[in-house]
Amino acid sequence: MPRHNERKYRIVAAFQRRLNAVMRRLPTHTLLETTGRTSGLPRRTPLGGRRVGDSFWLVSEFGERSQYVRNIKADPRVRVRLRGRWHTGVAHLLPDDDPVARLRSLPRVNSVGVRAMGAQLLTVRVDLTD
């Protein structure tokens with residue numbers, strides 16, 4: 001990763017750690033719950049995205065460097081909290097999808113943030129099973 005992208009990643013990751021601690025506590029904020037690839041413990045990440053039918057779409061701003069993406073690669077079974085209700089599902093990483101085009105179909109505020117902070121965008125689709 002180029003030096004500029006590495007620096008950007010570190011700054012954004014530090015900012016997100018602090019912000020995510022607050023966002024996880026908001027009862028109606030969207031959360032993605034993965035299983036920690038090393039610990040086996042549930043890991044909850046606040047994020048933005050959109051439900052379309054029986055799928056939930058999101059774009060990871062740091063692609064495969066994102067911890068939740070690394071967890072998905074180890075175990076794609078996830079849960080998503082939408083409007084205060086938990087849904088189980090299976091996550092799929094879609095490297096062939098156009099993440100910039102995908103962001104245009106997702107909530108605008110989150111999409112602007114992802115584009116501004118992101119360096120390696122990656123589309124993720126969660127097929128909801130309930």
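The following legends describe close-up views of a predicted model.

**Conventions.** In this predicted model, local features require pLDDT of at least 70 and side-chain atom pairs count only at pLDDT 80 or more, whereas totals for chains, interfaces and linings use all residues. Residues are numbered from 1 along each chain as its sequence is written, and side-chain values rest on heavy atoms, with hydrogens and water left out.

**Figure 1. Overall organisation of the chain.** Four helices and seven strands are present, where helices (H or I, at least four residues) and strands (E, at least two) are DSSP runs numbered from the N terminus. Their order along the sequence is α-β-β-β-β-α-β-β-α-α-β. Of the 130 residues, 40% count as buried; buried denotes under 20% relative accessible area, exposed over 50%, and partly exposed in between (1.4 Å probe, protein chains only). Among contacts (heavy atoms within 4.5 Å) with a separation of 6 or more, 67% join residues 24 or more positions apart.

**Figure 2. The largest nonpolar core.** A nonpolar core is a set of buried Ala, Val, Leu, Ile, Met, Phe, Trp, Tyr and Cys residues joined through side-chain atoms within 4.5 Å. The largest one has 15 residues, and those with the most contacts inside it are Leu 32, Phe 56, Tyr 68, Ile 72, Val 80 and Val 126. Two or more residues each come from strand 4 (55-60), helix 2 (67-74), strand 5 (77-82) and strand 7 (122-128). Strand 7 gives the most, with four residues. Leaving aside residues up to four places away in sequence, Tyr 68 touches Leu 32, Thr 34, Thr 45, Leu 47, Leu 58, Val 59, Ser 60 and Glu 61.

**Figure 3. Salt bridges.** With a salt bridge defined as a side-chain nitrogen of Lys or Arg within 4 Å of a carboxyl oxygen of Asp or Glu, the count comes to seven. Glu 33 and Arg 44 pair at 2.6 Å, N to O. Because Glu 33 lies in strand 1 and Arg 44 in strand 2 (residues 42-46), this pair ties together parts that are 11 residues apart in sequence. Glu 33 is buried, at 11% relative accessible area, whereas Arg 44 is partly exposed, at 36%. A network of salt bridges links Glu 33, Arg 44 and Arg 79. Elsewhere, Lys 73 meets Glu 64 at 2.7 Å, N to O, and Glu 64 is partly exposed, at 44% relative accessibility. Asp 75 and Arg 77 also form a salt bridge, their closest N and O atoms being 3.0 Å apart; Asp 75 is buried at 14%, while Arg 77 is exposed at 58%.

**Figure 4. Arginines over tryptophan rings.** A charge sits over a ring if NZ of Lys or CZ of Arg is within 6 Å of the ring centre and within 35 degrees of the ring normal. The charged end of Arg 79 sits over the ring of Trp 86, 4.2 Å from its centre. Arg 102 lies over the face of Trp 57, 3.7 Å from the ring centre.

**Figure 5. Surroundings of Thr 35.** Thr 35 belongs to strand 1 (residues 31-35) and is partly exposed, at 28% relative accessibility. Its C-alpha atom is separated by 6.2 Å from that of Asn 71, a residue 36 residues apart along the chain. Beyond residues up to four places away in sequence, Thr 35 touches Gly 40, Leu 41, Asn 71 and Asp 75.

**Figure 6. Backbone at Arg 83.** Arg 83 is found in the loop between strand 5 and strand 6 (85-94). Its phi is near 50 degrees, a positive value in a residue other than glycine. Most residues other than glycine have a negative phi. Arg 83 is exposed, with a relative accessible area of 80%.
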